[in-house]
Amino acid sequence: MSNLLSFSITAPSKAPSSFSVTAKTSTTIQASWQLPPEDGRNGVISGFKLYNKKKSSSGSPIMEHINSGSTLTKVFTGLDEYTEYEFQVLAYTSKGDGPKSNPKSATTKEAGEKLKKTIPYTSVYCYAGFNSPISVY
């Protein structure tokens, strides 16, 4: 009789942990996560599938493959300005997909948001000949 441990690889039984989404710009949102808990991996994690859609949309989400079990972030680009999106992630092994995470939402920023916050309003007075003031706002 052998003392070798045997186990079977199956699909993960738990979703990735610590899933979060953060708006970076008016057209990008970054998603990040951690591997599922060890007791829910059921083998080596081969990669992840990320789903996203506009929160107000009734259509199917867009799915992105990440073919690496060590990549734990993804930046979504080309999104619409100042729009709320919903995201989910799942891990998979060679035997199949695990469950999706709970949905997380983020809203892309408004275009020029940073510019509006950093340029203060000022008044400038200029004189142009004959001592007549011109106001520029």
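Reader: What does the secondary structure of the protein chain come to?

Author: In this predicted model, the secondary structure of the protein chain comes to one helix and 10 strands. Read from the N terminus on, the order of the elements is β-β-β-β-β-β-β-β-α-β-β, and among contacts between residues at least 6 apart in sequence, 60% join residues at least 24 apart.

Reader: And how much of the protein chain counts as buried?

Author: Of the 137 residues of the protein chain, 26% count as buried.

Reader: Okay, which residues touch the most other members in the largest nonpolar core?

Author: That core has 17 residues, and those that touch the most other members are Phe19, Ile29, Trp33 and Leu50. As a general point, nonpolar side chains tend to be buried together in soluble globular proteins.

Reader: Which strand gives the most to this core?

Author: Strand 6 gives the most, with four residues, while strand 1 (17–23), strand 2 (29–34), strand 3 and strand 6 each supply at least two residues.

Reader: Can we zoom in on one of them: what does Phe19 touch?

Author: If residues up to four places away in sequence are not counted, Phe19 touches Ala31, Ser32, Trp33, Leu50, Phe87, Gln88, Val89, Ser101, Asn102 and Lys104.

Reader: New topic, then: how many aromatic pairs are there?

Author: The count comes to two aromatic pairs. One of them is formed by Phe76 and Phe87, whose rings are 4.9 Å apart from centre to centre with 55° between the planes, a tilted arrangement.

Reader: Where in the chain are Phe76 and Phe87, and are they buried or exposed?

Author: Phe76 is in strand 5 (residues 73–76) and Phe87 in strand 6 (residues 84–93), so that the pair links distant parts of the chain, 11 residues apart. Both Phe76 and Phe87 are buried.

Reader: What sits over the ring of Phe76?

Author: The charged end of Lys74 does, at 5.8 Å from the centre of the Phe76 ring. There is also Lys100, which lies over the face of Tyr51 at 4.0 Å from the ring centre.

Reader: Which residue forms a salt bridge with Lys74?

Author: Lys74 forms a salt bridge with Glu64, and the closest N and O atoms of the two are 3.4 Å apart. This pair links strand 5, where Lys74 lies, with Glu64 in strand 4 (residues 62–66), 10 residues apart. Lys74 is partly exposed, with a relative accessible area of 23%, and Glu64 also counts as partly exposed, at 27%.

Reader: How many salt bridges are there?

Author: The count comes to five salt bridges, including one between Lys49 and Asp97, where the closest N and O atoms are 2.9 Å apart.

Reader: Which residue meets Asp80 in a salt bridge?

Author: Asp80 meets Lys54, with 2.4 Å from N to O. Asp80 is in the loop between strand 5 and strand 6 and Lys54 is in strand 3, 26 residues apart. Asp80 counts as partly exposed at 34% relative accessibility, and Lys54 counts as partly exposed at 32%.

Terms used. Residues are numbered from 1 along each chain as its sequence is written. This is a predicted model: local features need pLDDT of at least 70, side-chain atom pairs count only at pLDDT 80 or more; totals for chains, interfaces and linings use all residues. Side-chain values use heavy atoms; hydrogens and water are left out. Rings of Phe, Tyr and Trp (its six-membered ring) pair if their centres lie within 6.5 Å; planes under 30 degrees apart count as stacked, over 60 as edge-to-face and the rest as tilted. Buried means under 20% relative accessible area, exposed over 50%, partly exposed in between (1.4 Å probe, protein chains only). A charge sits over a ring if NZ of Lys or CZ of Arg is within 6 Å of the ring centre and within 35 degrees of the ring normal. A salt bridge is a side-chain nitrogen of Lys or Arg within 4 Å of a carboxyl oxygen of Asp or Glu. A nonpolar core is a set of buried Ala, Val, Leu, Ile, Met, Phe, Trp, Tyr and Cys residues joined through side-chain atoms within 4.5 Å. Contact means heavy atoms within 4.5 Å.
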